[in-house]
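This report covers selected features of one protein model. Please look over the sequence and structure before reading on.

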Amino acid sequence: MTKQSRAKRIADLNDKFRKNLVTGGRTYMTAGVNTKGPEFVSKALASVIAFNDFNADNDPHREHDFGSFELEDEKLFWKIDYYDLAGEFGSEDPTDPKKTLRVLTVMLAEEY
């Protein structure tokens with residue numbers, strides 16, 4: 001697999017997970033996001049699902065594993081990390097969904 005095709009495969013898997021937030025991974029909110037309340041959390045998740053502003057600055061490896069957006073005068077980040085299926089160690093191959101648990105974290109920029 002070439003570096004380019006590897007990145008495309010990872011991006012496709014990340015997008016698939018990020019757009020449904022169920023299949024292939026887990027989603028977490030940081031304490032700062034949670035303290036904003038359930039309506040804010042719901043809007044933040046909707047923003048993550050709808051995110052499509054990938055560019056050289058926020059996606060240099062073209063894996064669609066990071067994004068930022070504004071919500072109610074707050075800057076938020078989301079990121080996807082790759083773990084083994086037990087969620088204990090890094091995935092040996094993020095291109096293989098049978099070996100990878102994707103973990104998406106949504107945070108306030110100040111928590112990064």
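## Basis

The model is predicted, so local features need pLDDT of at least 70 and side-chain atom pairs count only at pLDDT 80 or more, while totals for chains, interfaces and linings use all residues. Residues are numbered from 1 along each chain as its sequence is written, and side-chain values use heavy atoms, with hydrogens and water left out.

## Helix H3

Helices (H or I, at least four residues) and strands (E, at least two) are DSSP runs, numbered from the N terminus. H3 has 13 residues, which at 1.5 Å a residue should span 18 Å; the expected span is 1.5 Å times one less than the number of residues. The end C-alpha atoms of H3 are 18 Å apart, in agreement with that value.

Phe40, Val41, Ala44 and Val48 of H3 are buried (under 20% relative accessible area; exposed is over 50% and partly exposed in between, with a 1.4 Å probe and protein chains only). They cover an arc of only 100 degrees around the axis, so they lie on the same side of H3; the arc is that of the directions from the helix axis to the C-beta atoms. Pro38, Glu39 and Ala50 are exposed, on the face of H3 turned away from its buried side.

## Aromatic pairs

Five aromatic pairs are found in the whole structure. Rings of Phe, Tyr and Trp (its six-membered ring) pair if their centres lie within 6.5 Å; planes under 30 degrees apart count as stacked, over 60 as edge-to-face and the rest as tilted. Phe51 and Trp78 form an edge-to-face pair, 5.6 Å centre to centre with 80 degrees between the planes. Phe51 lies in the loop between helix H3 (38-50) and strand E2 (66-71) and Trp78 in strand E3 (residues 74-83), so the pair ties together parts 27 residues apart in sequence. Both Phe51 and Trp78 are buried.

The ring centres of Phe77 and Tyr112 are 5.5 Å apart and their planes are at 85 degrees, so this pair is edge-to-face. It links Phe77 in strand E3 with Tyr112 in the segment after strand E4 (101-108), 35 residues apart. Phe77 counts as buried at 14% relative accessibility, whereas Tyr112 counts as exposed at 64%. Ring pairs also link Phe51, Phe54 and Trp78 into a cluster.

## Largest pocket

The lining of the largest pocket includes Lys3, Arg6, Pro60 and Glu63. A pocket is an open set of points on a 1 Å grid over the protein atoms alone where a 1.4 Å probe fits, with protein on both sides within 12 Å along at least five of seven lines; lining residues have an atom within 4 Å of a point.
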